[in-house]
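Biologist: I am new to this model. Please pick one part and take me through it closely.

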Amino acid sequence: MTEVDRADYEEWRYQESLPDERNQLEHAFRLLETYSGIPHDEVEEHVRVLRDKAWAVFPYPCIGRWRFLNIYLASTPYYPEILQTLKGESGVFIDVGCCFGQVLRQLVVDGVPSPKLVGIDLRPEFFELGYELFRDQDRPPAKFVAADLLSGEGGDELNGTASIVHAASVFHLFGWEDQVKLGVRVTKLFRPEGEAVVFGRQVGNYEPKELEEHTSLGLKRYFHNPETWQKLWDEVGNLTGSKWKVDATMIDWVLGTKMNRPGIRFAVRRQ
Ligand SMILES: C[S@@+](CC[C@H](N)C(=O)[O-])C[C@H]1O[C@@H](n2cnc3c(N)ncnc32)[C@H](O)[C@@H]1O
């Protein structure tokens, strides 16, 4: 990143005020009022306080730019399938890099039993902040497990348990090789038989560079289009003796004036 890019990035990644497009926040605000019992006129102040506490733990743009309040999964065409799977005789839903665990709360409200829900994160401080945000310490919505999915430290007890993994804004934190490692770790979470799908979204790129060029330019994070995302999962499949089919769509993801990037929303299904 040049100095100018860096300045734009710094300005972009922390947005002081709540987004104007409040319709993107409607699921989260409804949860905070109805599930958490926070009075309507206190919700904004409450999320401001919690956002800044989380920002102090680690300054991810998804925190600085309020993206954790956009429970996008509930508005995707995948959501009815997710609910149906979890209400049947399936394995668990594991939210990898769950941060506050907002998606897990939405699933509880939509009728998924808590024993079917798990959140994994590198930073357990986010679990505590999730309880504070949603005021549900006395009725945990899910099991929360601290683990480093990249180094493989922790979370082994979850291996072989999942039908669905949710991975939002996680793979894009890393370069190609680390994404392969993360993909391999994720495949171990699934039950050996039956449905196995990774749902999620992340920052994308309509024209990612060839991997060789990407590496030789010293670029770090790899942002995908559907073709490169399939390539990555082919590599994960080769390393794990499994086969994965990507269904992905580039989405408009208005990320700010100077840092506009598309997003990519996906389902990656074991064949
Ligand atoms: C950008 S945030 C996305 C949070 C959430 N999925 C969302 O969409 O709002 C990335 C999350 O991944 C977690 N994370 C980063 N590296 C990780 C790792 N190696 N293992 C497990 N979690 C990790 C971070 O702590 C953070 O909570």
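Modeller: Take D95, whose bridge partner in β2 is G119. This is a predicted model, in which local features need pLDDT of at least 70, side-chain atom pairs count only at pLDDT 80 or more, and totals for chains, interfaces and linings use all residues. Residues are numbered from 1 along each chain as its sequence is written.

Strand β1 (residues 92–96) and strand β2 (residues 117–121) run parallel and are joined by 4 bridges. Strands (E, at least two residues) and helices (H or I, at least four) are DSSP runs numbered from the N terminus, and two strands pair if DSSP finds at least two bridges between them.

Both strands belong to an open sheet of 7 strands with mixed pairing, in the order β3-β2-β1-β4-β5-β7-β6. At its edges are β3 (143–146) and β6 (244–251), each pairing on one side only. From one strand to the next the twist averages 15°.

Helix α6 (residues 102–109) lies across β1, β2 and β4 (162–168), at about 175° to β2. Such angles run from 0 to 180 degrees between N-to-C directions, with axes fitted to C-alpha atoms, for helices over the stretch in contact; contact means C-beta atoms, placed from the backbone, within 7 Å. Helix α10 (residues 226–240) also packs on the sheet, where it touches β6 and β7 (263–270), and its direction makes about 155° with that of β6.

Terms used. Two residues are in contact if their C-beta atoms, placed from the backbone, lie within 7 Å.
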